Amino acid sequence: MSLRGICPECGFAGDMAAFVAQGEHNQALAAALEIPSTLGPRVVRYLGLFRPQRKALAGAKALRLLTELRDAIAEGRIQRSGVSRPAPVHVWATALDKLLERPPAKLPLQSHGYLFEVVAGVADKADADAERQREEAARSGAKAGANRAPAPSRGERSTEDVLAEHRRLAGQGPAKPQPQPGGPKRLGQLLEGAPRPQEQEPES
């Protein structure tokens, strides 16, 4: 003898199993609505890989699959073989596309294990590409810094300043360096203005 139930809204009477199944379908729909909309069509096709031939996917199984998938996508990371990788929505989209393009030979699927392996591979490649881009950006920044002209050293004194200081110390009064017309002079020309030691008369 089956247990019968009655819908309080419309008065429909039927086997309680029908009400339970309807409740599971409602919960599965609620879980599906929490999955990002860009993944919706892909998820619908993906669930078809779990459906036995000539049978509909049971409500309880659909609820379990959608709940697990919703939670995994919302986490934003995928962990396989002890390695955790970022898994944003675009990674899931790429993985679902790859899986739907080349589904496994053994169907129907029983769990999300196959999909999670594909997601892990896509996430690993995306993480490696991001790391390579960061390294290239760092190298480009280092090269740009190396190509810059060296900044002039502060506190360095020109040859004219040194000679002017030398004349001042020799007692000829302060002397300011004068700009040299026609560009820089040779060191020999600059030393012509330097004071010379006083010549001594030879002893008789």
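The model is predicted.

After H3 comes Gly76, a residue with a positive phi near 75°.

Several residues of H3 are buried, including Leu65, Leu66 and Leu69. Gly59, Ala62, Leu63, Ala72 and Ile73 of H3 are buried as well.

The nonpolar core deserves attention next. The largest such core contains 34 residues, and Leu69 is among those with the most contacts inside it, together with Leu39, Val43, Tyr46, Trp92, Leu115 and Val119. At least two residues of this core come from each of the helices H1 (16–33), H2 (40–47), H3, H4 (89–101) and H5 (113–146).

The arrangement of H2 and H3 may now be considered. The axes of these two helices come within 12 Å and cross at roughly 140°. Angles over 145 degrees would count as roughly antiparallel, so the crossing at roughly 140° makes H2 oblique to H3. The contact involves Val43, Tyr46 and Leu47 on the side of H2, and Leu65, Leu66 and Leu69 on the side of H3. In passing H3, H2 forms a right-handed crossing.

Val43 illustrates this part of the structure. Leaving aside residues up to four places away in sequence, Val43 touches Leu66 and Leu69, and also Ile35 and Leu96.

Definitions and conventions: Residues are numbered from 1 along each chain as its sequence is written. This is a predicted model: local features need pLDDT of at least 70, side-chain atom pairs count only at pLDDT 80 or more; totals for chains, interfaces and linings use all residues. Side-chain values use heavy atoms; hydrogens and water are left out. Buried means under 20% relative accessible area, exposed over 50%, partly exposed in between (1.4 Å probe, protein chains only). Helices (H or I, at least four residues) and strands (E, at least two) are DSSP runs, numbered from the N terminus. A nonpolar core is a set of buried Ala, Val, Leu, Ile, Met, Phe, Trp, Tyr and Cys residues joined through side-chain atoms within 4.5 Å. Contact means heavy atoms within 4.5 Å. Axes are lines fitted to C-alpha atoms, for helices over the stretch in contact, and angles run from 0 to 180 degrees between N-to-C directions. Angles under 35 degrees count as roughly parallel, over 145 as roughly antiparallel, 65 to 115 as roughly perpendicular and the rest as oblique. A crossing is left-handed if the near helix is turned anticlockwise from the far one by less than a right angle, and right-handed if clockwise.
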